[in-house]
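This briefing covers a metal site and a sheet, in that order. Please read it alongside the sequence and the coordinates.

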Amino acid sequence: MKAIVYNNPWDIRIEEKEEPAIILPDEVIVEIRATGICGTDLSIISGEYLARPQVIIGHESAGVIVEKGKGVDNCNVGDRVIIDPTFYCGYCDNCRKGLRNHCLLKSTTEAGVSIDGTFTRYFKTTQRFIYGLHDNIPFEQGAMSEPLSCVLTAVKKLAVNPFMRTAILGGGPIGLLFYMALKQHGIQEGVIYETSKNRIKLIEQNNVLSKGWQVAPEFIPQKNQYDLIIDTTGSLLEKSMLAIADGGKISLMGLRNNQQTINPREIADRSISIIGSIDSQDTFKHAVDLINSGRLELEKIITNGYSLNDFTTAVKDLGCDVGSKQRNNNISSLKSFISIT
Ligand SMILES: [Zn+2]
Ligand SMILES: [Zn+2]
């Protein structure tokens, strides 16, 4: 089967890989129909997030069960399913502390990072990591369960309330999923800052935001401006510190390598919380339920679809140019998908 394989930073290729086979009774094989391109994939390609050489990348997926082991009783061949790609063992010290998103086996079990992922036709997992996808919900939307579950985990940790003056830094898929999740939590007003003109245009054209929310091009921090700042860019902590109100919360979720300078005294003196979050912790089912409900209007943010052969074009359209080995702000999509038919 054809697959997108990571070799080294800026070295990704389409290669032929062996199809997986059922060995254990709880295993299932999913024929992948859609996989979302995630910021993590872009950071792997650019060398900012470490992945195992020769690995098939891709992790946000939905598809159809084509084979199952003898012990699988929660799905049947032909079922439409969503895959939770973040394996946890359930036995290690972190798993036993409820930190399943920090399972100690993660460095050797993370789909699309340390084990083969889903930018290909077939993917093997176990019944524990499969959720049903309703017939009326497209595979692309089902595949957004993974990023949505990560966002829901962050929102849970932030313990938000409807009265927080809110800014989201970055109007990419994660920023827009935060917008949807915060609205579910009662935050009806806020600003999304996005520097890509194309993305602003797409957000406006597709009517993504409801009344009370707006998108703005430049984040110019003012003192005591926001109670809640969601930095999805991973590089705006210094600016966030200038705008966060006393007692405010800053959420960090972007995986970008950079150094920022902040004053610890200020964090103590002004009761500021800086809260990091990675992957999902007990929120995958919530994400699946929300997506199956069809009420998120995800179709407004899923703008671009590509075939596996067009993968380098797809990432280029997200500002990740393999040809010149550079990331830029030349972005012409909100959420992009690789679809396999
Ligand atoms: Zn992702
Ligand atoms: Zn574990």
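**Zinc site**

Cys-38 is buried, as its relative accessible area of 11% is under 20%. The model is a predicted one. His-59 is likewise buried, at a relative accessible area of 8%.

- Cys-38 (SG), His-59 (NE2) and Glu-60 (OE) coordinate the zinc ion (ligand 1) at 2.1 to 2.4 Å.
- The spacing of these donor residues in sequence is C-x20-H-E.
- Cys-38 sits in the loop between strand E3 (27-36) and helix H1 (39-45), and His-59 in the loop between strand E4 (55-56) and strand E5 (60-68), so the pair ties together parts that are 21 residues apart in sequence.

**Parallel sheet**

- Six strands form an open sheet in the order E11-E10-E9-E12-E13-E14, and the pairing is parallel.
- Strand E9 (residues 166-169) and strand E10 (residues 190-193) run parallel and are joined by three bridges.
- Ala-167 has Val-191 in E10 as its bridge partner.
- Helix H5 (residues 173-184) packs on the sheet and touches E9, E10, E11, strand E12 (226-231) and strand E13 (244-252).
- The direction of helix H5 makes about 155° with that of E9.

**Annotated domain**

- An unreviewed UniProt entry places the feature "domain: Glucose dehydrogenase C-terminal" at residues 162-317.
- Over residues 162-317 the chain is 32% helix and 23% strand.
- The end C-alpha atoms of residues 162-317 are 35 Å apart.

Key: Residues numbered from 1 in each chain as written. Chains lettered and ligands numbered in written order. Predicted model: local features only at pLDDT ≥ 70, side-chain atom pairs only at ≥ 80, totals over all residues. Heavy atoms only, no water. Pairing = 2+ DSSP bridges. Helix = DSSP H or I, 4+ residues; strand = E, 2+ residues; numbered from the N terminus. Contact = heavy atoms within 4.5 Å. Axes fitted to C-alpha atoms, helices over the stretch in contact; angles between N-to-C directions. UniProt positions renumbered as here; feature names shortened; annotations may be inferred. Donors = N, O, S within 2.8 Å, 3.2 Å for Na, K, Ca; no water. Buried < 20%, exposed > 50% of the residue type's maximum accessible area, 1.4 Å probe, protein only.
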